[in-house]
Amino acid sequence: MAKEFQVTYDCADPGAVAAFWAEVLGYRFQPPPEGFVDWAAITDPDGKGPRMYFQKVPEGKTVKNRLHLDVRSAPGLTGDERMDALEVEAARLEGLGAKRLYRLDADDENEGIIVMGDPEGNEFCLD
């Protein structure tokens, strides 16, 4: 039997990072209970995706993520049409505070992706 899970992010500013990811994923912001300012959460309005929880930690990010999200931004698209859709989404996310890290164009084995960083530098892929 499958188990539910949530994705937990360590970050410096839980509210800001949660707001960013809510916009990226189309999730709803879930404000913390009164008196709890060191965390925030977002949830899928359709109840299909995992809850994402953001907790404040004192240390900054120092190395590449061991786990990252692939944000499906061009499902079913291939070639130039796929990369054009990814570019549009990358530009939207840059407007929200993301940083483009690099683009990998399609090759013989893989479709193209754009690797991004969230406002605190956590890597994710537009796929």
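My entries begin with the source, then turn to the sheet, the helices and a single glutamate.

I am working with a predicted model, in which local features need pLDDT of at least 70 and side-chain atom pairs count only at pLDDT 80 or more, while totals for chains, interfaces and linings use all residues. Residues are numbered from 1 along each chain as its sequence is written, and side-chain values use heavy atoms, with hydrogens and water left out.

**Sheet.** I looked up the strand order and found an open sheet of four strands, β5-β8-β7-β6, with mixed pairing (strands are DSSP E runs of at least two residues, helices H or I runs of at least four; two strands pair if DSSP finds at least two bridges between them). Its edges are β5 (69-71) and β6 (99-104), each of which pairs on one side only. β6 runs antiparallel to β7 (residues 113-117) over five bridges, and I noted Val115 in β7 as the bridge partner of Tyr102.

**Helices.** I found that helix α1 (residues 14-25) packs on the sheet, touching β5 and β8, where contact means heavy atoms within 4.5 Å.

**Glu123.** I placed Glu123 in strand β8 (residues 123-126). Is Glu123 buried or exposed? Glu123 counts as buried because its relative accessibility is 16%, the cut-off for buried being under 20% with a 1.4 Å probe and protein chains only. A polar atom of the Glu123 side chain lies 3.0 Å from the backbone nitrogen of Asn65. Leaving aside residues up to four places away in sequence, Glu123 touches several residues, including Lys61, Lys64, His68 and Met116.

Notes. Buried means under 20% relative accessible area, exposed over 50%, partly exposed in between (1.4 Å probe, protein chains only). A polar contact is a pair of N or O atoms within 3.5 Å; within protein, one must be able to donate a hydrogen and the other to accept it, and residues adjacent in sequence count only if both atoms are side-chain atoms. Axes are lines fitted to C-alpha atoms, for helices over the stretch in contact, and angles run from 0 to 180 degrees between N-to-C directions.
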